[in-house]
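Before reading on, take a moment with the sequence and the model displayed below.

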Amino acid sequence: MVRQTEHVIMDETAMRRALTRIAHEILERNKGFENCMLVGIRTRGIYLASRVAERIREIEGIPAPVGEIDITKYRDDRAGRARKPRLPRSAEASCRSRARS
């Protein structure tokens, strides 16, 4: 029997430090956080965006808006899912009729 060992990649302190670095990098590259928003890819990306937003709020003292996006329909690594988004039939017909005009 092969024995598996656990390896901790990042502990709580290292994770907090990494999130702080990410927040600082975002603030530096954007010269603050005015007119910015963090968007997390559903599901786990939302948690990451929220944690970075919390760090930005602690650093800048302003709220950092957080949004989410669901890319489920557009994934190409899931069997049975279309690679390209499909328009509803009514929209397809509308596009075809405009192209003929």
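How many residues does helix α2 have, and what span does it reach from its first C-alpha to its last?

## Basis of the description

This is a predicted model, in which local features need pLDDT of at least 70, side-chain atom pairs count only at pLDDT 80 or more, and totals for chains, interfaces and linings use all residues. Residues are numbered from 1 along each chain as its sequence is written, and side-chain values use heavy atoms, with hydrogens and water left out.

## Helix α2

Helix α2, residues 44-60, has 17 residues and reaches 25 Å from its first C-alpha to its last, close to the 24 Å expected at 1.5 Å a residue (the expected span being 1.5 Å times one less than the number of residues). Helices here are DSSP runs of H or I with at least four residues, strands are E runs of at least two, and both are numbered from the N terminus.

Within α2, the residues I46, A49, V52, A53, R55 and I56 are buried, that is, under 20% relative accessible area with a 1.4 Å probe and only protein chains considered, where exposed is over 50% and partly exposed lies in between. These buried residues pack against α1 (12-30), β1 (38-41) and β2 (66-69). Just after the helix, G61 takes a positive phi of about 75 degrees.

Leaving aside neighbours within four places in sequence, I56 is in contact (heavy atoms within 4.5 Å) with A23, I26, L27, F33, L38, G61, I62 and A64.

β1 and β2 pair in the parallel sense over four bridges, where pairing requires at least two bridges found by DSSP; the bridge partner of G40 in β2 is E68.

## The chain and its confidence

The chain contains three helices and two strands, which follow the pattern α-β-α-β-α along the sequence. Of its 101 residues, 17% count as buried.

Mean pLDDT, the predictor's confidence in each residue from 0 to 100, is 82 for the chain, and 75% of the residues reach 70 or more. Over residues 91-101, however, pLDDT stays under 50, and the model has three contacts beyond four places in sequence for these residues.
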